[in-house]
Amino acid sequence: MMRRFLVMLALPLVLFACNNGNEHEDKLAVDEQKTAAVAVSDSTTQGASPVSPGMATVPADADKKIIKDAEVKIETNNLVAYSQKIGNLTKKYGAYIAKEENTETDEEQEALLLIKVPVVYFEDLLNELPGTDAKQLERSITSEEVSGQIVDTKARLLTKKQTRDKYLEFLKQAKTTEDALKIQREVNDLQEEIESAESRLGYLANQTRYSTINLAVIAPKNGYSYNDKPGFGIKMINALANGASWCADIFIGLLSIWPLWLGGIGLGILIRRMQEHRKLKNG
């Protein structure tokens, strides 16, 4: 009777403890969800770009690490105005011009631009390059997925760091100078490999954050069009110009060997005098 009374008395206490445990676990789960939501919100805020999120064309492979490059050739009638347009587009999409070269001939002006643009705005910027003031002549896009390279490099980097740390522990326990020098050489080699791997990861991270656009902008002069084929008259003028250039090259080449010419002339004079002297002697 006493045992049954004790069991009945302990049962409510056990149920109360279990209930509190379940409530504690539920609270922890809710807290973890809140923490994850805050982390996602923070990462989204830190990665914000100059363009509003609604304007970005999010690629279907956004979860992959892909290096994208584009080759684009544009023809425009006003290179200065188009350069201003490029400047506005880079500001709009958070891009920047990493390299620029300008050349000019009698027929055209040309600007070569290397543009780095955040990968999420790669397609948007490409689509805005042509327009009413510019005609797209060529466009090609290449992609390279490097997700596997990044994972493999990170794994190798972690292994090398762990090995280096073990060697550092061995270095502390080295009993002779020779042992310490051997271990130090191993540590130095591992440190070089670690720095190389970190540099590689940094390069891949930058290449996957920013896509590359190699843009060539051509502004024809005097009615010349990039796609126009030269007529018969233009071909004749070009042929005459090429022929004159070829003759000038030959003449310059002959002048460059003037020591041989002088030597040949001198040798010829010497041979002629010897022949004259022989005739006089025989006569």
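In this predicted model, the buried residues of helix H2 are Leu79, Tyr82, Lys85, Ile86, Leu89 and Thr90. Around the helix axis they cover an arc of only 135°, and they therefore lie on the same side of H2. An α-helix has 3.6 residues a turn, so residues three or four places apart point the same way. The face of H2 turned away from this buried side carries the exposed residues Val80, Gln84, Asn88 and Lys91. The helix itself has 14 residues, and the distance from its first C-alpha to its last is 20 Å, close to the 20 Å expected at 1.5 Å a residue.

On the buried side, the packing partners of H2 include several strands, namely S1 (66-76), S2 (96-104), S3, S4 (134-145) and S5 (210-220), and the buried residues of H2 also pack against helix H3 (122-128).

The structure holds one cavity of 30 Å³ or more, and the space in the largest cavity comes to about 30 Å³. Its lining is formed by Leu79, Tyr82, Ser83, Ile86, Glu100, Ala111, Leu113 and Val217. The elements that give two or more residues to this lining are helix H2 (79-92) and strand S3 (108-118), and H2 gives the most, with four residues.

Terms used. Residues are numbered from 1 along each chain as its sequence is written. This is a predicted model: local features need pLDDT of at least 70, side-chain atom pairs count only at pLDDT 80 or more; totals for chains, interfaces and linings use all residues. Side-chain values use heavy atoms; hydrogens and water are left out. On a 1 Å grid over the protein atoms alone, a cavity is a set of points where a 1.4 Å probe fits but cannot get out, and a pocket is an open set with protein on both sides within 12 Å along at least five of seven lines; lining residues have an atom within 4 Å of a point. Grid points are joined across faces, edges and corners, and a volume is the space filled by probe spheres set on the points. The expected span of a helix is 1.5 Å times one less than its number of residues. Buried means under 20% relative accessible area, exposed over 50%, partly exposed in between (1.4 Å probe, protein chains only). The arc is that of the directions from the helix axis to the C-beta atoms. Contact means heavy atoms within 4.5 Å.
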